[in-house]
Amino acid sequence: MTDMKLTKAINDCIERREKAFVPYIMAGDDGLETLKKNILFLQEAGVTAIEIGIPFSDPVADGPVIQEAGERALAHGVTLRNVLKELASFNKEVTIPLVIMTYLNPILRYGIDEFIKDCGDSGIDGLIIPDLPLEESALLRDSLVGSGIALIPLVSLTSPPDRIRKITAKGEGFIYAVTVNGITGVRDGFDDDLAAHFERLKAVSPVPVLAGFGISTPEQVRTIGALADGVIVGSAIVDAFHRKDLQAVEALVKA
Ligand SMILES: O=P(O)(O)OC[C@@H](O)[C@@H](O)c1c[nH]c2ccccc12
């Protein structure tokens, strides 16, 4: 599915010889009213799309910065349901694609069909569900047909070639290429083999390939961005918003 809004937005960047930049924010960190403010700020700064994290009690893939942001959001009573409702309230002001990142459990509790319908009303263009393996993805994939919402797969550094082929073949929106083994968070160095890994991924993927995990400085945005079609930055953005350091957010976008 290369005609989805999300894929188009990234392909437009590639055509302009730019890289896609997708920041991750924790929905409702420091209160649900920050959601609109942060999304409109990032849109104004020129990001390609935004990944909106839903706080969850058992965030197995998240490092400390995102875990703590999730705990703050949960303390403010933020749920998948009130995030979608809030997004729907200012949907018309948002022109860039929005992606929801959530673990599977909140979707199952919500009810799959109702969730997908509400995503449509809130202007959601993609889903990242880290604990939904390819083998189980039919669960959602079938209900998503015709919705225009992309199911974005994650590919890890250790995925063997055969699995990479299977995952990318079903890829929608973009491929989320995880650049480190382990949890999200700030990191100093990357695998020497990263360039070759991205070459292999881009060669088989029908949709753009974005790199995420451990990218936290403008310098890393440039070096890792050069290997992929763009980057996803989570912990560094979450941290900068929490410290109200909007200049740091902009520096990452501009890189
Ligand atoms: O925080 P980092 O290292 O910049 O990585 C991005 C990441 O935070 C974001 O995409 C994300 C947050 N939680 C996740 C869980 C799984 C996969 C991805 C994510």
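Which residue follows H11 and has a positive phi? Lys 244 does, with a phi near 60°.

The model is a predicted one, in which local features need pLDDT of at least 70 and side-chain atom pairs count only at pLDDT 80 or more, while totals for chains, interfaces and linings use all residues. Residue numbers start from 1 along each chain as its sequence is written.

The protein chain holds twelve helices and nine strands; helices (H or I, at least four residues) and strands (E, at least two) are DSSP runs, numbered from the N terminus. Along the principal axes, the C-alpha atoms of the protein chain fill a box of roughly 45 × 40 × 35 Å. A compact globule of 255 residues would have a radius of gyration near 18 Å, and the protein chain, with 17 Å, agrees with that. The radius is taken over C-alpha atoms, and the globule rule is 2.2 Å times the number of residues to the power 0.38. Of the 255 residues in the protein chain, 44% are buried. A residue is buried if 20 or more other C-beta atoms lie within 10 Å of its own, exposed if 12 or fewer, and partly exposed in between, with C-beta atoms placed from the backbone. Among contacts in the protein chain with a separation of 6 or more, 75% are between residues 24 or more positions apart; two residues are in contact if their C-beta atoms, placed from the backbone, lie within 7 Å.

The nine strands form an open sheet in the order S5-S4-S3-S2-S1-S9-S8-S7-S6, with parallel pairing. Strand S5 (150-151) and strand S6 (154-155) stand at the edges with a single partner strand each, so one side of each has no neighbour in the sheet. Two strands pair if DSSP finds at least two bridges between them. Strands of a sheet pair through backbone hydrogen bonds, either parallel or antiparallel.

S6 pairs in the parallel sense with strand S7 (residues 175-178) over two bridges, and Val 155 has Ala 177 as its bridge partner in S7. S7 and S8 are joined in the parallel sense by four bridges, with Val 209 in S8 as the bridge partner of Ile 175. Between these two strands the chain passes through helix H9 (residues 194-204), and this β-α-β crossover is right-handed. A crossover is right-handed if, with the strands pointing away from the viewer, the path from the first strand over the helix to the second runs clockwise.

S8 is covered on both faces, with Val 209 and Ala 211 buried on one side and Leu 210 and Gly 212 on the other. Strand S8 (residues 209-212) pairs with S9 in the parallel sense over three bridges, and the bridge partner of Ala 211 in S9 is Val 231. Helix H10 (residues 218-227) lies in a right-handed β-α-β unit with S8 and S9. S9 is also covered on both faces: Gly 230 and Ile 232 are buried on one side, Val 231 and Val 233 on the other. Four bridges join S9 to strand S1 (residues 20-26), and the two run parallel; Val 22 has Ile 232 as its bridge partner in S9.

Helix H11 (residues 235-242) has six of its eight residues buried, including Ile 237 and Phe 241. The buried residues of H11 pack against S1, helix H2 (34-45), helix H3 (64-75), S9 and helix H12 (246-254). Ser 235 lies in H11 and counts as buried because it has 24 C-beta neighbours inside 10 Å. The C-alpha atoms of Ser 235 and Pro 64 are separated by 8.7 Å, although the two residues are 171 residues apart along the chain. Leaving aside neighbours within four places in sequence, Ser 235 is in contact with residues including Gly 63, Thr 184 and Ser 216.

Of the 18 residues around the ligand, Ala 61, Pro 130, Thr 184, Gly 234 and Ser 235 come nearest; a residue is near a molecule or strand if its C-beta atom, placed from the backbone, lies within 6 Å of it. Strand S2 (50-53) and strand S9 (230-233) each supply at least two residues of this shell. The shell has nine nonpolar, seven polar and two charged residues. Ala, Val, Leu, Ile, Met, Phe, Trp, Tyr, Cys and Pro count as nonpolar, Asp, Glu, Lys and Arg as charged, and the others, Gly among them, as polar.
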